Every structure is written in C-alpha cells, then in structure tokens.
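Below are my notes on this model, as numbered points. Please read them beside the structure.

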Amino acid sequence: MTDYESKRLAFDLRNAGTVMAATAAISGLIPAPPTQLVRAITHVLAAGTHTVANDISFKNNGNGVTINIHYALYFTINPQLTPFKRG
C-alpha cells in the first residue's frame, strides 16, 4: 500500500474501533446476559482494530506498508523500503 493508503487505512481502523467501543459502552446499559457477551466481544474487536492501526502507523515510514496475510490466520505488517508506485 502507498503512504496515503496506509495512513487512510490506519485512520479508518481507528474510527471503526472507536465506534465499536462506543457501541459496547451503550450496550452495557442493557443488563441481559447476551448483551454482556456481545459487549465483551466488541471490546476485544475494538482493541484489535486499534492495535492494527497503531502498527500500520508505526511501520509506515513515508513509503507505505505491506500487509502479508498468511494461511495460518495471522498477518504481518512490514514497512516499504522504497516508495510504492501504482501502474
């Protein structure tokens, strides 16, 4: 991904995490057990999206990042050493 795409993805992930955290906080007002489970899951997902966004921002040194998705259901984020050019 280019520098702009990396910054945009990190921004969007942070916003999504914030919305999830707000949703979890609002769902905490409903005391039913299923809602409590949804709240806990939402907190974990919100923390995960913020962590990925921070990793992208940290490793983007102005040239963008590469996100490698592996078959074992994990991914790595690596900085681009040279600027990424489309086309």
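1. Along the sequence the order of elements is α-α-β-β, that is, two helices and two strands. Helices (H or I, at least four residues) and strands (E, at least two) are DSSP runs numbered from the N terminus. The radius of gyration of the chain is 16 Å, well over the 12 Å that the globule rule gives for 87 residues, so the chain is more spread out than a compact globule. That radius is taken over C-alpha atoms, and the rule is 2.2 Å times the number of residues to the power 0.38.

2. This is a predicted model: local features need pLDDT of at least 70 and side-chain atom pairs count only at pLDDT 80 or more, while totals for chains, interfaces and linings use all residues. Residues are numbered from 1 along each chain as its sequence is written, and side-chain values use heavy atoms, with hydrogens and water left out.

3. The C-alpha trace spans about 50 × 25 × 20 Å along its principal axes. Of the 87 residues, 21% count as buried (under 20% relative accessible area; exposed is over 50%, partly exposed in between; 1.4 Å probe, protein chains only). Where residues at least 6 apart in sequence are in contact (heavy atoms within 4.5 Å), 48% of the contacts join residues at least 24 apart.

4. Helix α1 has 25 residues and reaches 36 Å from first C-alpha to last, close to the 36 Å expected at 1.5 Å a residue. The expected span is 1.5 Å times one less than the number of residues. Its buried residues are Ser6, Ala10, Gly17, Ala24 and Ser27, and they pack against α2 and β1.

5. Helix α2 (residues 33-59) has 27 residues and covers 40 Å between its end C-alpha atoms, close to the expected 39 Å. Buried here are Thr35, Thr42, Ala46, Thr49, Ala53 and Ile56. The buried residues of α2 pack against α1 (3-27), β1 (65-69) and β2 (75-79). An α-helix has 3.6 residues a turn, so residues three or four places apart point the same way.

6. Which residue in the loop between β1 and β2 deserves a look? Leu73 lies in that loop, and its phi is near 65 degrees, a positive value in a residue other than glycine. Most residues other than glycine have a negative phi. Leu73 is exposed, with a relative accessible area of 81%.
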